[in-house]
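Dear colleague,

I am passing on the structure below, together with notes on what was found in it. Please read the notes with the coordinates open beside you.

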Amino acid sequence: MSNADEIREFLTTRRAKLSPERAGVPRYGRKRRVPGLRREEVALRAGISVEWYTRLERGVARGVSEEVLEAIGSALQLDEAERVHLADLVRTASAERPPRRTSAPQRVRPSVARIVDVIGPFPALVTNGRLDVLYANDLAKALFSDVFRDPVRPPNLARFAFLDPRARTFFRDWEKAAGDTVAVLRAAAGRDPYDRGLTDLVGQLSTRSDEFRVRWAAHDVGFHRAATKQMHHPLVGDITLAFEMLDLPADPGLSVLIYSAEPGSESERALDELLRWGDTRARLTAVEAETPVEGACAQVLVPQAAARVGLGRKGTK
């Protein structure tokens, strides 16, 4: 899709989601041809002409001011992430179109890597806008062990969520995790629509996953800065963690993701167990190499392999 198409699809999906009742628009007559607001209703609420709004919805973005975008955002009741996304789409549509570029390999600076390692009591990893995992401390590698099983490098959280069947067990609320993942990628695509790496990832996921394709077509965006994550690890069972995302201003596009458990909780004890697993990682890898753990047998064989290096599933002896 062109950037003009992206603007059109984003605005039409936002109109469709906003009911007249929620927007405070009176209904005249019983039948409406659109599920949400009409163009003229958005224009009236934004204080602009219908012709001006229609041009924008068709992707003609040159000359649109911040004040107009703010008025449209208020009329459509957009949240912060949606307003930023609309501004990103308009900005790129108004600019000279650069050639689609191949992303240069992103590097994590040694000083950032040292900080992530020092966070060691908490799982921490560095990602980019495509959700590539560029660096992780030992505890994060243990927590996201299934993600790191992917032979493709760098590992990618979106690829894991939609293309690896283990993700539906790992994320206890897979539907929410899937929605958050797509919202993050949508926001990244708005900021940099000519990133070939991101375009290739979206193409791969759209081709191989119906669930991704449906969510991508919804044009939902969001900031994923803090949340509670519920996971099920194959070795230690259920874990509930607080999640924080910290942007790296000196490295645009890179963020540190940090997970922490409530002190004294079962989840904290599970992390302690995973930390011990990180210390014996080499022995566990050797045991798993001797014992295939694919398919349904994994639920039985992985705990057995862990037990042979001194770890057991939570609740077992």
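**Cores and helix packing**

The largest nonpolar core contains 46 residues, and those with the most contacts inside it are Phe 144, Phe 162, Phe 171, Leu 185, Phe 212, Leu 241 and Leu 274. A nonpolar core here is a set of buried Ala, Val, Leu, Ile, Met, Phe, Trp, Tyr and Cys residues joined through side-chain atoms within 4.5 Å, where buried means under 20% relative accessible area, exposed over 50%, and partly exposed in between (1.4 Å probe, protein chains only). Helix 12 gives the most to this core, with eight residues. Leaving out residues up to four places away in sequence, Phe 171 touches Phe 160, Ala 161, Ala 177 and Gln 230, a contact being heavy atoms within 4.5 Å. A second, separate core of 26 residues includes Leu 11, Val 42, Val 64 and Ala 75.

Before going further, please note that this is a predicted model, in which local features need pLDDT of at least 70 and side-chain atom pairs count only at pLDDT 80 or more, while totals for chains, interfaces and linings use all residues. Residues are numbered from 1 along each chain as its sequence is written, and side-chain values use heavy atoms, with hydrogens and water left out.

The protein chain has 17 helices and five strands, these being DSSP runs numbered from the N terminus (helices H or I, at least four residues; strands E, at least two). Of its 317 residues, 48% count as buried, and residues 24 or more positions apart account for 57% of the contacts with a separation of 6 or more.

Helix 12 (residues 174-191) packs with helix 13 (residues 196-208) at an angle of about 140°, their axes 11 Å apart. Axes are lines fitted to C-alpha atoms, for helices over the stretch in contact, and angles run from 0 to 180 degrees between N-to-C directions. That makes helix 12 oblique to helix 13, because angles under 35 degrees count as roughly parallel, over 145 as roughly antiparallel, 65 to 115 as roughly perpendicular and the rest as oblique. The contact is made by Leu 185, Ala 188 and Ala 189 of helix 12 with Leu 198, Leu 201 and Leu 205 of helix 13.

The axes of helix 6 (residues 80-94) and helix 12 come within 8 Å and cross at roughly 30°, which makes helix 6 roughly parallel to helix 12. Here His 85, Asp 88, Leu 89, Arg 91 and Thr 92 of helix 6 meet Arg 186, Ala 187, Gly 190 and Arg 191 of helix 12.

**Individual residues**

Asp 88, found in helix 6, counts as buried at 12% relative accessibility; apart from residues up to four places away in sequence, Asp 88 touches Gly 190 and Arg 191.

Lys 229 lies in strand 3 and, at 17% relative accessibility, also counts as buried. Leaving aside neighbours within four places in sequence, Lys 229 is in contact with Asp 180, His 224, Ile 239, Thr 240, Leu 241, Phe 243 and Tyr 259.

Phe 223, in the loop between helix 14 (210-217) and strand 3 (226-233), is partly exposed, with a relative accessible area of 34%. Phe 223 touches Glu 80, Ala 81 and Val 84, again not counting residues up to four places away in sequence.

With best regards
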